[in-house]
Protein chains: 2
Amino acid sequence: MAKPTPLSGFPELLPAQRSVETIVLSTLAKVFELHGFANIETRAVEPMDQLLRKGDTSKEVYVLRRLQEEDGGKDAGLGLHFDLTVPFARYVLENAGKLEFPFRRYQIQKVWRGERPQDGRYREFTQADIDVVGVGELPVHHDVEIARVMLDGLSRLADPALIGLPGFRLQVNNRKLIQGFYTGLGIADLDETMRLIDKLDKLPPATVGEQLVASGLRAEQAESCLALARICTPDDSFEEQVRALGVSHPLLDEGLAELADLMRGCAPLVSATVRIEADLKIARGLDYYTGTVFETRLDGFESLGSICSGGRYDALASDGRTTYPGVGISLGVSRLLVPLLNKGVLTADRSVPSAVLVALTDEESRSASDRLADQLRANDVPCEVAASPQKFGKQIRYAERRGIPYVLFATDDGPQVKDIRSGEQVGVDPLTWTPPAADLKPSIRVSTGSTPEREKNQ
Amino acid sequence: MAKPTPLSGFPELLPAQRSVETIVLSTLAKVFELHGFANIETRAVEPMDQLLRKGDTSKEVYVLRRLQEEDGGKDAGLGLHFDLTVPFARYVLENAGKLEFPFRRYQIQKVWRGERPQDGRYREFTQADIDVVGVGELPVHHDVEIARVMLDGLSRLADPALIGLPGFRLQVNNRKLIQGFYTGLGIADLDETMRLIDKLDKLPPATVGEQLVASGLRAEQAESCLALARICTPDDSFEEQVRALGVSHPLLDEGLAELADLMRGCAPLVSATVRIEADLKIARGLDYYTGTVFETRLDGFESLGSICSGGRYDALASDGRTTYPGVGISLGVSRLLVPLLNKGVLTADRSVPSAVLVALTDEESRSASDRLADQLRANDVPCEVAASPQKFGKQIRYAERRGIPYVLFATDDGPQVKDIRSGEQVGVDPLTWTPPAADLKPSIRVSTGSTPEREKNQ
């Protein structure tokens with residue numbers, strides 16, 4: 001077999017990079033559980049008719065076929081899921097009788113899309129989703145809850161003592177607010193107007209204004225839409241600015257109240273690094289949200305687009321008799337991490353979990369070294385025994401290459417530990433000695449200055 | 001959408017069942033890291049020519065096709081991996097220049113096989129693999145290491161204080177021992193003989209003996225093969241029993257020495273619940289092992305077959321110039337857990353992570369309840385705020401249904417906590433109070449007597 005080459009769009013991580021990812025994922029899982037969210041996983045496949053139910057999303061689905069099966073066989077109707085929302089909605093319907101509502105769940109899994117692997121898009125990537133789903137109705141305080149949980153999670157990702165990612169900006173809006181405003185203005189095609197307003201991301205306002213007029217809006221309607229989209233406040237003061245535009249509609253009132261509630265409910269979680277904004281140009285026009293909508297930008301990496309998006313569905317799932325409304329948000333873990341890992345912004349300080357290398361004098365004493373290692377492990381100290389009885393200098397360099405901070409030697413005076421960073425060597429009792437807590441597990445190093453392209457494997 | 005029904009062969013878990021699985025997986029991950037194994041994940045897909053490289057394994061591969069793509073497009077050559085060994089071998093070749101050898105890795109991921117979903121076989125299932133891989137050569141002490149790590153992992157799964165699974169029996173043999181013995185007997189077709197000996201699992205020895213003779217062996221050769229397969233010892237005493245059969249061959253000597261080393265190296269890890277046996281009928285005839293081979297039985301659930309298998313490959317991977325030998329073992333997590341979960345042998349004591357329900361007096365005081373909850377979370381206490389301000393009796397029943405042990409009330413005398421199992425209620429300071437450690441996380445309950453079919457969702 002010749003040396004294989006990476007598959008474009010299917011990112012894989014080296015061990016030290018993966019250890020950054022697992023620290024991020026376990027931090028998120030911990031936060032979600034602190035807020036009472038239960039973990040589930042769904043199967044990777046769904047029936048094609050489910051995956052294509054909202055046919056216009058133009059998601060590129062991977063279809064499955066068993067190798068030893070003719071086309072049109074039983075499995076021909078299966079495809080890989082392209083998000084975690086479609087499978088979650090199906091799981092809720094399938095297990096409704098066995099779940100307690102409101103049902104809070106988090107789900108961290110890979111999803112697949114057969115898209116062109118460019119512009120930071122992947123064909124296989126990891127998402128971390130939280131959702132709350134109710135039966136029949138779901139009060140709007142759960143929208144606030146979802147925002148609070150994700151702000152808590154993002155705060156820990158940005159905490160230099162934990163991970164130290166750059167800050168985040170959670171941008172919130174409300175579809176009722178937009179739709180009520182547009183309806184109050186007398187606009188008929190709400191979806192098309194939202195779709196054009198969504199382009200403010202990429203096009204100058206004047207161009208979007210021209211497109212709005214081309215779509216059938218009067219000039220003053222277009223101007224009002226652009227004025228609404230310009231409003232962006234860090235608190236509930238957006239309400240006053242919207243009122244000043246002089247549009248009124250019951251749905252607008254409802255949207256304003258919901259968004260103001262959300263901003264006030266999230267205020268205690270805001271910090272210098274993790275902020276929230278009522279940003280009234282956020283519409284997520286291509287999705288099926290019916291109230292709150294979320295997007296999130298990573299400070300200094302705005303070109304990544306929104307790394308954490310979601311919103312409220314009044315009908316996340318329905319079996320015809322019962323409707324299950326939901327609100328949720330999905331963090332694009334690969335979208336956030338893979339570029340930072342490949343640019344060397346994030347690295348781990350070692351490529352193995354071992355905090356200690358147990359040195360080996362000769363092959364005959366391997367079982368004695370194994371015993372020393374087992375004594376360390378009994379105190380939860382990750383360690384490994386040297387692969388071969390090389391000269392001690394070579395064994396130390398073996399540890400250094402992997403980033404292992406300590407080497408444990410058996411000497412005539414009993415076991416001694418060398419901190420290979422300081423060179424300090426002291427006698428220890430392996431039954432009780434443990435390294436300082438900071439050395440027990442790999443840590444993340446954040447490179448703030450230049451971004452060397454080391455460990456680049458994409 | 002009508003109520004969906006489960007897909008046969010694609011097991012999914014309810015939240016409480018999933019929490020059993022995550023406890024098992026995190027226990028395994030911890031043990032693997034204590035032994036210095038680094039975690040990696042590989043992409044779910046491999047080129048079809050890689051997946052079919054060992055064509056006669058008759059693994060049913062799922063082939064991928066992009067929906068909007070004609071047959072024969074670029075992705076038509078991709079399939080889902082059916083194990084974690086093929087992708088790991090490819091990963092080692094692809095990243096050889098960036099890895100430190102011997103490279104110890106663990107990998108916990110789903111794999112897919114388009115097999116008939118019967119007899120406890122799944123189409124999607126989770127495996128937990130550990131492997132050590134070297135460059136050019138890999139000393140046999142790594143075979144001992146792999147067995148020691150998995151014994152350590154299984155011991156923790158069987159520890160009643162951690163999980164409390166029934167005991168395990170790790171069965172070990174060595175292909176060199178078998179092949180040396182057969183060659184010493186003058187047998188020509190070693191593979192066919194091993195394949196027939198493998199049937200001792202399901203057929204009586206007399207029948208296997210007849211089939212051996214039918215395959216061309218002389219009666220006394222067949223009898224010697226059966227005599228070797230009958231040997232099964234809990235220590236290195238198998239060696240004497242093999243010698244007594246009077247066969248000699250250099251490869252037999254090598255195999256005997258390797259297996260005896262392994263049995264002695266593992267002795268310190270053996271207990272009443274987790275045992276190891278040199279079982280000379282274990283051949284794993286259909287796989288490509290070249291030395292040590294492993295299988296594992298779960299006590300009382302022998303019908304599940306081997307739930308943890310592996311062995312030594314002298315050429316796990318090769319790029320034509322360099323060969324990478326490896327030794328590893330793969331625990332079939334779904335194969336082990338899904339039947340026990342569906343029979344109700346294993347359950348968790350709650351369906352949510354929350355240890356505390358923060359009660360709600362009225363909607364106006366929600367932000368006060370949120371504040372109390374955030375105080376608990378600051379001390380790592382998972383909790384949730386009641387969904388609605390029902391009567392306290394109803395809020396307590398809400399907690400009970402989910403298995404949440406504590407309810408925190410705001411009273412005129414300050415916050416009080418009720419243990420809803422004992423009914424005891426005491427005043428607490430939410431800034432400092434935490435439940436006892438045993439109540440902080442869901443625990444696994446093992447039902448040893450009858451096995452009620454509750455929470456059955458397969």
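Helices (H or I, at least four residues) and strands (E, at least two) are DSSP runs, numbered from the N terminus. This is a predicted model, in which local features need pLDDT of at least 70, side-chain atom pairs count only at pLDDT 80 or more, and totals for chains, interfaces and linings use all residues; side-chain values use heavy atoms, with hydrogens and water left out. Residues are numbered from 1 along each chain as its sequence is written, and chains are lettered from A and ligands numbered from 1 in the order in which they are written.

**Stop 1: chain A as a whole**

Select chain A. It holds 14 helices and 19 strands. Its C-alpha trace spans about 90 × 60 × 45 Å along the principal axes. Of its 458 residues, 59% are buried. Buried means under 20% relative accessible area, exposed over 50%, and partly exposed in between (1.4 Å probe, protein chains only). Now think about contacts, meaning heavy atoms within 4.5 Å. Among contacts in chain A with a separation of 6 or more, 68% are between residues 24 or more positions apart.

**Stop 2**

Show the strands of chain A. Two strands pair if DSSP finds at least two bridges between them. Nine strands make an open sheet with mixed pairing, in the order β1-β5-β6-β12-β11-β10-β7-β9-β8. Which strands stand at the edges? They are β1 (38-39) and β8 (232-233) of chain A; each has a single partner strand, so one side of each lacks a neighbour in the sheet.

Go to β5 and β6 (residues 124-133) of chain A. They pair in the antiparallel sense over ten bridges. Pick A:Tyr106: its bridge partner in β6(A) is A:Ile130.

**Stop 3: aromatic pairs**

Rings of Phe, Tyr and Trp (its six-membered ring) pair if their centres lie within 6.5 Å; planes under 30 degrees apart count as stacked, over 60 as edge-to-face and the rest as tilted. By this rule there are 13 aromatic pairs over all chains.

Select A:Phe101 and A:Tyr324. They form a tilted pair, 5.6 Å centre to centre with 35 degrees between the planes. A:Phe101 lies in the loop between α3 (85-95) and β5 (103-112) of chain A, and A:Tyr324 in strand β12 (residues 323-332) of chain A, so the pair ties together parts 223 residues apart in sequence. Both A:Phe101 and A:Tyr324 are buried.

Next, select A:Tyr289 and A:Tyr313. This pair is tilted too, at 5.0 Å centre to centre and 50 degrees between the planes. A:Tyr289 is in the loop between β9 (274-279) and β10 (292-298) of chain A and A:Tyr313 is in strand β11 (residues 308-318) of chain A, so the pair joins parts 24 residues apart in sequence. A:Tyr289 is buried, at 10% relative accessible area. A:Tyr313 is buried as well, at 13%.

**Stop 4: charges over rings**

A charge sits over a ring if NZ of Lys or CZ of Arg is within 6 Å of the ring centre and within 35 degrees of the ring normal. Select A:Arg105: it lies over the face of A:Phe88, 3.8 Å from the ring centre. Then select A:Arg402, which lies over the face of A:Tyr398 at 3.5 Å from the ring centre.

**Stop 5: a helix residue in chain A**

Is A:Val144 buried or exposed? With 12% relative accessibility, A:Val144 counts as buried. It sits in helix α4 (residues 141-158) of chain A. Leaving out residues up to four places away in sequence, A:Val144 touches A:Asp261, A:Leu262, A:Gly265 and A:Cys266. The C-alpha atoms of A:Val144 and A:Cys266 are separated by 6.9 Å, though the residues are 122 apart along the chain.

**Stop 6: on to chain B**

Select strand β11 (residues 308-318) of chain B. Eight of its eleven residues are buried, so the strand is largely enclosed by the rest of the structure. β11(B) pairs with β12 (residues 323-332) of chain B in the antiparallel sense, over eight bridges. Look for B:Cys308, which stands opposite B:Leu331 in β12(B).

Finish with helix α13 (residues 392-402) of chain B. Its buried residues are B:Gln395, B:Ile396, B:Tyr398, B:Ala399 and B:Arg402. Just after α13(B), B:Gly403 takes a positive phi of about 80 degrees.
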